[in-house]
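Please keep the sequence and the coordinates open while reading.

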Amino acid sequence: MTTTGRCAPATDALVFDYLLRLADSDIVLAQRLGEWVGKGPVLEEDIAQTNVGLDLLGQGRLWLAYAGEVEARIAPRGRDENELAFLRDGSEYRNLLLVEQPNGSYADTLARQFLYDHWHLLALDALTCSRDERIAAIAAKAVKEVRYHVERSSGWIVRLGDGTEQSHERMQRAIDALWMYTGEMFAADATEEALAAAGIAAGVTLLREPWRKAVGGVLADATLALPADGWMQGAHGRGGRQGAHSEHLGHLLAVMQSLPRSMPDARW
Amino acid sequence: MSTGTEWPLWEVFIRSQHGLAHKHVGSLHAPDAAMAIRNARDVYTRRNEGVSIWVARSADLHASSPDERDALFDPAGDKVYRHPTFFPMPDEVKHL
Amino acid sequence: MYAQMVDTGQSRLAGLAELSPEERAFQSRIDADVKIEPRDDMPEAYRRTLIRQIQQHAHSEVVGMLPEGNWITRAPSLQRKATLMAKVQDEAGHGLYLYCAAETLGVSRDRMIEDLHAGKVRYSSIFNYPTLTWADIGTIGWLVDGAAIMNQIPLCRCSFGPYARAMIRVCKEESFHQRQGFDILMTLCRGTAAQKAMAQDALDRWWWPSLMMFGPPDAESVHSAQSARWKIKLLSNDELRQRFVDQTVPQADYLGLTMPDPELRWNDARGHYDFGEIDWQEFHEVLKGHGPCNHDRMATRIKAWEDGAWVREAALAHAAKRAARQREAA
């Protein structure tokens, strides 16, 4: 392993897979937030949430562009961002299960955002020290945006958790329902273990405690209970990052990919 | 009939770059000051318009009345000696 | 336009001699291009007309998010998706600036939204047409935003300060909208035969409704003369419509698209394009609620508003709790 950002071919395959993981969670969550545009609870919030979606979409594109470059080292050619986004099937998507969950109510959407944002910030923060310089550079740009996302979603969790009786109940239910998807974020498989050992990927198992502390602190401020850890979906070697998804991703991709797939020879 | 859940109105002031004063750019609704600042960031600085934000509850702003316009502002109209151009200077005198 | 057929509360234009001394004083300020500010004295009819016009304009921006929002999830490339999201987000911003301008006249945003949902206030007829293909997104940017800009640039000089200032901000942001639309169409028209056909089909469906955006012919516009005198309408419906046609036809030629109007031709004597008769019955039916999407658009807006009520309420409740705690701690 060198520190110059150029890896051995065997590592390149792992890096490609890892970059898709980072990209796909951003793209899928941005797609979900795109469903909200024009339907938010108040204009100011519509605008604010769309900014988060645009940030994630931008980050996803940076990861995909780099993934295409890495792919070119290990395959006859590397795919561009649109081929990767629009022409991969669900089983080839590498996003976390959490982000593909449907929007539901505003409480569900904010709970999903909040749980992801805190993980996302810790992961990106670790990646700013990646030995892969490109990864470190993208993470350094993204981490500033995500710091704002964390502040925004945490603020909302507190407002809704400690708002009215009804909002408290909805918020608690939303957190409880999504909790089973949080374990996956901290379960490293062989790919991530190898890349973390090489100093390229974030060691996600190390992020678990800081995440619990941060999330727990906000939930306490919000007068919400930290759910008990039960069985965690996708945290046992077969989950979103291995291409094993919930039913929801297929529908999301069917909508998102419909046009490029129906006119494969077209450019847009 | 109003539902009674309308967020209060805030006035937003943005400083566009170092050295310039905050300038009123518009208003928005927010439940509290912290969210007013965040909303102002998202609503009024999407195109790099600002480096600093002030917000104030619209209800807390006090304004001069249009009825007093003449009394307040007309008296300044004839104080021409306050302006440097009132004092012609010879061309050969520099740095004045 | 975005504010079509704004009712001024007048059945005819009053002669100057019929105006009260206050109204005459007000009119002379308008004539001298003095901007009217919210706390200034103003005739009640001016205030009511402005509230109606600005809120129609605001509602149009907000309802206008829906036809384009319909394609955010299906935008065919990541770049197009980002651009479209940013564009629809801008429209939320424009609605917000406009609501704020109307609020300076003493009407709350919630009240305006309730009036929209109750069907008491209109929004532009154009947003009651469906977006069926991706080419519709390009066509809306090109034609609908093009028509809007044409109307909004003169409004930057209108007599009411907050409205003029909102328009300046809107126009600054709007120019990217029209270009992104034209860029989508250029790509389609240079693309496959199927893409080109998609673009032509979209133009066929949107051309006439776009011309209707400017409102009924001047001869039938009873309120326009009063609005013009107040300088809250600076160019007539027919003037703006003609300008729009003259500007747009060469752009269609550039794209290699055919306008769906056999009577459209250059008139050398007039120095303008002549064009065919607009189906005003369709226009009035759409305004009355009989357009293809009137029902869906309102249902979507009302659902979003009602679904969001508990969120707005909780945020207020939290702010009150926090303020109470701070008072106790002090």
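1. A salt bridge is counted here when a side-chain nitrogen of Lys or Arg is within 4 Å of a carboxyl oxygen of Asp or Glu. C:Asp33 belongs to the loop between α1 (21–31) and α2 (44–63) of chain C, and C:Lys231 to the loop between α9 (224–229) and α10 (237–255) of chain C, so the pair ties together parts that are 198 residues apart in sequence. C:Asp33 is exposed, at a relative accessible area of 54%. The terms for accessibility are used as follows: buried is under 20% relative accessible area, exposed is over 50%, and partly exposed is in between (1.4 Å probe, protein chains only).

2. The model is predicted: local features need pLDDT of at least 70 and side-chain atom pairs count only at pLDDT 80 or more, whereas totals for chains, interfaces and linings use all residues. Residues are numbered from 1 along each chain as its sequence is written, chains are lettered from A and ligands numbered from 1 in the order in which they are written, and side-chain values use heavy atoms, with hydrogens and water left out. Helices (H or I, at least four residues) and strands (E, at least two) are DSSP runs numbered from the N terminus.

3. The interface of chain A and chain C comes next. Contact means heavy atoms within 4.5 Å, and by this criterion 49 residues of chain A meet 48 residues of chain C. The two chains bury about 4000 Å² between them, 69% of it on carbon and sulfur atoms; buried area is the accessible area (1.4 Å probe) that two parts lose on being put together, summed over both.

4. The rule finds three salt bridges across the interface of chain A and chain C. C:Arg325 pairs in a salt bridge with A:Asp162, the closest N and O atoms being 2.6 Å apart.

5. Which helix gives the most to the side of chain A that touches chain C? It is α2(A), with 11 residues. By class, this side of chain A has 24 nonpolar, 14 polar and 11 charged residues. Here Ala, Val, Leu, Ile, Met, Phe, Trp, Tyr, Cys and Pro count as nonpolar, Asp, Glu, Lys and Arg as charged, and the others, Gly among them, as polar.

6. Helix α13 (residues 309–329) of chain C has buried residues that include C:Trp310, C:Arg312 and C:His318. The cover over the buried residues of α13(C) includes α5, α6 and α7 of chain A together with α12 (294–307) of chain C.

7. Helix α6 of chain A holds A:Lys141 and A:Glu145, four residues apart, about one turn of the helix. Their side chains meet in a salt bridge (3.0 Å, N to O). A:Lys141 is partly exposed, with a relative accessible area of 43%, whereas A:Glu145 is buried at 18%.

8. A further salt bridge links A:Glu151 and B:Arg38, whose closest N and O atoms are 2.8 Å apart. A:Glu151 lies in helix α6 of chain A and B:Arg38 in helix α1 (residues 33–44) of chain B, so the pair joins two chains. A:Glu151 is partly exposed, at 44% relative accessible area, and B:Arg38 is buried, at 11%.

9. Is A:Arg88 buried or exposed? A:Arg88 is buried, with a relative accessible area of 1%, and is placed in the loop between α3 and α4 (97–100) of chain A. Its side chain reaches the backbone oxygen of A:Leu84 at 2.6 Å and that of A:Glu92 at 3.0 Å.

10. B:Val12, in strand β1 (residues 9–15) of chain B, is buried, with a relative accessible area of 0%. The C-alpha atoms of B:Val12 and B:Ala56 are separated by 6.9 Å, although the two are 44 residues apart along the chain.

How values were computed
A polar contact is a pair of N or O atoms within 3.5 Å; within protein, one must be able to donate a hydrogen and the other to accept it, and residues adjacent in sequence count only if both atoms are side-chain atoms.
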